[in-house]
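User: I am new to this structure and would like to learn how to read its features one at a time. Could you take me through them, giving the general idea before each case?

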Amino acid sequence: MTTITSAPVSNATANAATTTGADNQMIASNFTTFLQLLTTQLKNQNPLEPLDTNQFTQQLVQFAQVEQQMKSNDQLATLVSMDKAAQQTTALAYVGANVVVDGATTAVSNGSGNWSFNVSKPSTATVVIKDSTGATAYTGSFAVNPGNQQFSWDGKGNDGKQWPDGNYTLSATAVDASKNTVAISTQVESTVDSVDLTQDPPLLSINGQNFTLDKIKRIVRQGT
């Protein structure tokens, strides 16, 4: 069962919108007052000593610049809002999908658990798989080639015992032909259970852990 958490409008966003509206009203009010004062002074100026319009012109330019900057800020806020909406839509599309992320813990269900390895050169990898309590379920060694490659576990221990469904964690080490240690990274393939849209950026829940969209390495079509 998937879960989708809606994102309410945050207090910060509401406060920012209120502040922007108040600022716009203040600028408009000040600009109107300025024009009224300017008009009054021009009507009542001494024809023999006319007012210097340079200062008024500079103030008009400043008002125009402030107004333009505030419009630019409004447009940027709109773009940010659109980007957040796009992220949420993208995140929702992942719910129920099988994805690959960096990690070591995956769900083993119906005797099937999948991991991926990545090494830089041919090596021999030794793996240890433990259940959620820390009990060792399986150990083994096998050859691995450079690049990404799949490792599947049937849920059976070294004694042939079938372990129950649940989350299992795999740790791996690798050595080359000269017994030198080789760096090895692990990835897990699992289903996206839910997405939390109240977070920025949205968080995908996979095996009880949260991941952002940029942590997704691959999407795996089910049944392939």
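User: Is Lys-179 buried or exposed?

Analyst: Buried means under 20% relative accessible area, exposed over 50%, and partly exposed in between, with a 1.4 Å probe and protein chains only. Lys-179 counts as exposed because its relative accessibility is 67%. Please keep in mind that this is a predicted model, in which local features need pLDDT of at least 70 and side-chain atom pairs count only at pLDDT 80 or more, while totals for chains, interfaces and linings use all residues. Residues are numbered from 1 along each chain as its sequence is written, and side-chain values use heavy atoms, with hydrogens and water left out.

User: Where is Lys-179 found, and what is its phi?

Analyst: Most residues other than glycine have a negative phi, and most peptide bonds are trans. Lys-179, although not a glycine, has a positive phi of about 65°, and it is found in the loop between E8 and strand E9 (181-182). Strands (E, at least two residues) and helices (H or I, at least four) are DSSP runs, numbered from the N terminus; the chain has 14 strands and 2 helices.

User: Which peptide bond is cis?

Analyst: The bond joining Asp-200 and Pro-201 is cis, with an omega of about 5°, and Pro-201 is found in the loop between strand E11 (194-196) and strand E12 (203-206).

User: What is the phi of Asn-110, and where does Asn-110 lie?

Analyst: Asn-110 has a positive phi of about 55° without being a glycine, and it lies in the loop between E3 and E4. Asn-110 counts as exposed because its relative accessibility is 71%.

User: Which residues line the second largest pocket?

Analyst: Rolling a probe the size of a water molecule over the atoms shows where empty space is left. On a 1 Å grid over the protein atoms alone, using a 1.4 Å probe, a pocket is an open set of points with protein on both sides within 12 Å along at least five of seven lines, and lining residues have an atom within 4 Å of a point. The lining of the second largest pocket includes Asn-110, Asn-98, Thr-106 and Glu-189, and about 220 Å³ of space lies in this pocket, a volume being the space filled by probe spheres set on the grid points, which are joined across faces, edges and corners. Strand E3 (105-108), strand E4 (113-119) and strand E10 (184-191) each supply at least two lining residues, with the largest share, 3 residues, coming from E10.

User: How many residues does the largest nonpolar core have?

Analyst: A nonpolar core is a set of buried Ala, Val, Leu, Ile, Met, Phe, Trp, Tyr and Cys residues joined through side-chain atoms within 4.5 Å. The largest one has 32 residues, and Leu-170, Trp-115 and Phe-117 are among those with the most contacts inside it. Strand E8 (residues 166-175) gives the largest share of this core, 4 residues.

User: What does Leu-170 touch?

Analyst: Contact means heavy atoms within 4.5 Å. Not counting residues up to four places away in sequence, Leu-170 touches residues including Trp-115, Phe-117, Phe-151 and Thr-186.

User: Where does Asn-158 lie, and what does it touch?

Analyst: Asn-158 lies in the loop between strand E7 (147-153) and E8, and it counts as exposed because its relative accessibility is 55%. Leaving out residues up to four places away in sequence, Asn-158 touches Ala-137, Tyr-138 and Thr-139.
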